[in-house]
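Please look over the sequence and the model below before reading on. The report that follows takes up a few local features, one at a time.

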Amino acid sequence: MNKRKTNLVAYLFILPSFISFMAFMVFPMLFSFYLSFNNWNLFGGISDMEFIKFDNYAKIFSDDYFKAAISNNLIFTLIAIPILIMLAIIIAILLNKKIFLRGTIRAMIYMPYVATITASAVIFTVLFHPEYGPINNVLRSLGVENLPGWTMSSKWALITVALFWIWKQLGYSVVIFLSALQGISRSYYEAADIDGANEFKKFIYITLPLISPTTFFVLITSVIASFKVFAEVQVMTGGGPGTSTMTMVYHIYRTGFEYFDMGYASAVAWIFFLLVLVVTVIQWIGQKKWVNYDA
C-alpha cells in the first residue's frame, strides 16, 4: 500500500470523529457567537432572529442576576478549592501509608465521584434539611441553639452546595495525589532521615515540591469545574434562596431554556468563557513561580 492510500485510510478512520467534533462542538460554538449579537426566542424560528449588534453585551452590565452569578461563582471557588486541595493531600498522604483496610477506604472515598450527581444531591439535601435532617438533629442534641438553615438560608445555601461539591470531587483529587505520592522515590526521605528531618519538614521540603505539578493540575481542573457548577444548584437550591446560589452556568441555562432568550444567554456564555480563560491563563502564568518540574 503506497503512502497516498495509507493516508486515505487514516483520514477515513478519523472522519467520523471529525464530523462529530464539527457538528457538536465547532458549529454550536460559532452559532452561539452569532446568536450573541441577535435577539432570538428559541421557539421563534430562524426567520424571527433580529440582529441587535452589541445590545446583549451591553445588557450584561446592568443585569443583577449576572452580577450575583459572578459573585457567587468567585466566592464558591475561593471557599471550595483550598478546602478540596488540602483535604485531598492530607487524605492521600494517610492512604499512602500501610493502614488497616486501606483498599476499602480508598474505594469509599472514590465512590461519591462516580455516583449519580442527581441522586447524591437529593440525599445531601435531605441530610442537611433544617427541620428534619440528621445533621441538624445531631447539632440540636449537642446543644447548638442557632442551627444553620443550610439550603433554605441565603447565608448558608452557597456553603452547603460547596460542601456537597467538595464531597463529590474529593475522591478524584485523592486518587490523583495518591498517584503522585507513589511516584516519589524513597531515597529523598531516607536522605532526610539521615539529616534528622522530622515529618513536617519532609512534607514541606520534599513532598509538596515534588507533587507541585500534580497540585497545579488539580488546581486548574478544579477551578474550571467549580465555575461549571450547575446540577448541584439545580437540584439542591434552584439558584435560591433569592440569588444566593445563582451561578453563571445556571443563569445561562435559565435565560436560554426557561425564558427562551437565546441571544442574551449566548452573550453571557461567551463572557463566561472569557472569564474562565482569563482565570486559567493567570494560573498558568503564576505556576512558573511555584511548580517544580525538575524532580
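Against which helices do the buried residues of helix 12 pack? In this predicted model, the buried residues of helix 12 pack against helix 3 (64–95), helix 11 and helix 13. Seven of the 10 residues of helix 12 are buried, and helix 12 is therefore largely enclosed by the rest of the structure. The buried residues are Met248, Tyr250, His251, Ile252, Arg254, Thr255 and Gly256, where buried means a relative accessible area under 20%.

The loop between helix 11 (231–236) and helix 12 (248–257) contains Pro241, and the peptide bond that joins Gly240 and Pro241 is cis, with an omega of about -5 degrees. Beyond helix 12 comes another loop, between helix 12 and helix 13 (262–286), and this is the place of Phe260.

| Residue | Phi | Relative accessibility |
|---|---|---|
| Trp150 | near 50 degrees | 7%, buried |
| Phe260 | near 60 degrees | 27%, partly exposed |

Trp150 is found in the loop between helix 6 (134–141) and helix 7 (157–182), and because its relative accessibility is 7%, Trp150 counts as buried. Phe260, for its part, has a relative accessible area of 27% and is therefore partly exposed.

How do helix 5 and helix 7 lie relative to each other, parallel or oblique? The axes of helix 5 (residues 117–127) and helix 7 come within 11 Å and cross at roughly 130 degrees, and the two helices are therefore oblique to each other. As for handedness, helix 5 passes helix 7 in a right-handed crossing. On the side of helix 5 the contact is made by Ile117, Ser120, Ala121 and Phe124, and on the side of helix 7 by Thr160, Leu163, Phe164, Trp167 and Lys168. Sorted by class, the residues of this contact between helix 5 and helix 7 are six nonpolar, two polar and one charged.

Technical notes. Residues are numbered from 1 along each chain as its sequence is written. This is a predicted model: local features need pLDDT of at least 70, side-chain atom pairs count only at pLDDT 80 or more; totals for chains, interfaces and linings use all residues. Side-chain values use heavy atoms; hydrogens and water are left out. Helices (H or I, at least four residues) and strands (E, at least two) are DSSP runs, numbered from the N terminus. Buried means under 20% relative accessible area, exposed over 50%, partly exposed in between (1.4 Å probe, protein chains only). Axes are lines fitted to C-alpha atoms, for helices over the stretch in contact, and angles run from 0 to 180 degrees between N-to-C directions. Angles under 35 degrees count as roughly parallel, over 145 as roughly antiparallel, 65 to 115 as roughly perpendicular and the rest as oblique. A crossing is left-handed if the near helix is turned anticlockwise from the far one by less than a right angle, and right-handed if clockwise. Contact means heavy atoms within 4.5 Å. Ala, Val, Leu, Ile, Met, Phe, Trp, Tyr, Cys and Pro count as nonpolar, Asp, Glu, Lys and Arg as charged, and the others, Gly among them, as polar.
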